[in-house]
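The notes follow the order in which I went through them.

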Amino acid sequence: MKQIESVWTPKISKLSNSEVSRWVRHLENWFNSEIEKFENGEVAGSTILVAYLASQALPDKRNVDWAGIIQEHLMLDGKALAYSEIYGQKLYKFDDQWQQFNVNSAYACWFIHFNEGLEVGKFVDQIAKKRQAGGLYFDQDTSPTTYRHRMKSEIAMSTAMSLDVLTQSDALPDSLRKESLAALVDPLAMPVLNYLSYEYFRSRAVFSLDPTLLDRQRIETLLTKCAQEIEFGWSDFVMSEKTNDYMGTATRVSRDKNIHSPLLGSMASWLMDHTCPEIMSESKSRLEKYVTHLGKPQSDIPAFKMRDLQFDFGSSVSGIELISATYLTSA
């Protein structure tokens, strides 16, 4: 059975009809809705990647012209766009800012072309140009925010995606590989933060370059902490230690709350495979309980809420959460 793996997901393979669960049905409904949008020209790099991953998991074969959609809606001057023009028109006061050529969009288009056996050179070149001084990868041209004020989770994610592209395409010279690795393990460039998603992407990036340099103690400490303040699964951050250095620490975090997430659960499942036997055993036991919780008919995926707003952030659960829930409950 063919398996594919992105930095966003564990290994995905086609489910059988006997494995269809309510999460698979939710994922299928989400997929069909997105395909309708794609047909109308409403496409984003992030959603087409998730839709492609969904197509690899859903039991029935999906005949979708992925390369055609990308070429028609997500390419401009030989580079991958973050949004199609129609999608950009739906963004509030975005004007022509939809013409962004970021790491996420290039990774999405590369991933689909790579797994479909199509030419990927233009996307590899686009990713390579995102390298910043010091060896990390992020969109300085899209957002000129200074490094000190940039979200480190964004940098870790962009770097992990970029290194996935460059290492699999054999497009990373040894000197650049060493520079990136040094930056990823530098406590000043990539400090210890109590965020599971940040550590997941940072660790994935390190692993792609030199698995022996994974900081296992750092991973073990975080998995333990992010399980202490929530009943099921893992939260993304340690609430008791959460601060905001630049926007008024107490005011900005006092109304935040932890929630469980299948996506965080799938990230934790990768991280726990690189821990000591004791932490691995505890984490796998916790994951089994979380999977049992997700399998209950009344269980749901909680929507993230902005701290100062009374409504959910997003109209529904995202496709990547549904893929993660499907993976966890079918594994």
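**Cavity**

I began with the largest cavity and found that H12 gives the most to its lining, with three residues. The model is a predicted one, in which local features need pLDDT of at least 70 and side-chain atom pairs count only at pLDDT 80 or more, while totals for chains, interfaces and linings use all residues. Residues are numbered from 1 along each chain as its sequence is written, and side-chain values use heavy atoms, with hydrogens and water left out.

For the element names I noted that helices (H or I, at least four residues) and strands (E, at least two) are DSSP runs, numbered from the N terminus. A cavity, on a 1 Å grid over the protein atoms alone, is a set of points where a 1.4 Å probe fits but cannot get out, whereas a pocket is an open set with protein on both sides within 12 Å along at least five of seven lines, and lining residues have an atom within 4 Å of a point. Grid points are joined across faces, edges and corners, and a volume is the space filled by probe spheres set on the points.

My search of the whole structure gave one cavity of 30 Å³ or more, and I wrote down about 30 Å³ as the volume of the largest cavity. Its lining is made by Trp8, Thr9, Pro10, Tyr200, Arg204, Ser266, Met267 and Trp270; helix H9 (196-209) and H12 each supply at least two residues of it. By class (Ala, Val, Leu, Ile, Met, Phe, Trp, Tyr, Cys and Pro count as nonpolar, Asp, Glu, Lys and Arg as charged, and the others, Gly among them, as polar), I recorded five nonpolar, two polar and one charged residue in this lining.

**Second largest pocket**

I then turned to the second largest pocket, which holds about 300 Å³ of space and is lined by 14 residues, with Ser269, Met272, Asp273, Leu287 and Tyr327 nearest its centre. Helix H12 (262-271), helix H13 (277-295) and helix H14 (319-330) each supply at least two lining residues, and the largest share, four residues, comes from H13. I noted eight nonpolar, one polar and five charged residues in the lining of this pocket.

**Helix packing**

I took axes as lines fitted to C-alpha atoms, for helices over the stretch in contact, with angles from 0 to 180 degrees between N-to-C directions. Angles under 35 degrees count as roughly parallel, over 145 as roughly antiparallel, 65 to 115 as roughly perpendicular and the rest as oblique; contact means heavy atoms within 4.5 Å.

Helix H1 (residues 22-39) and helix H3 (residues 66-73) pack at about 45° with their axes 11 Å apart, and H1 and H3 are therefore oblique to each other. Phe31, Ile35 and Phe38 of H1 make the contact with Trp66, Ile69 and His73 of H3, and I counted these residues as five nonpolar, one polar and no charged.

H3 also packs with H5, at an angle of about 150° and with the axes 10 Å apart, which makes H3 roughly antiparallel to H5. Here Trp66, Ala67 and Ile70 in H3 meet Cys109, Ile112 and His113 in H5.

Last, I looked at helix H5 (residues 103-115) with helix H6 (residues 121-128), whose axes come within 9 Å and cross at roughly 150°, so H5 and H6 are roughly antiparallel to each other. From H5 the contact uses Val103, Ser105, Ala106, Tyr107, Cys109, Trp110 and His113, and from H6 Phe123, Val124, Gln126 and Ile127.
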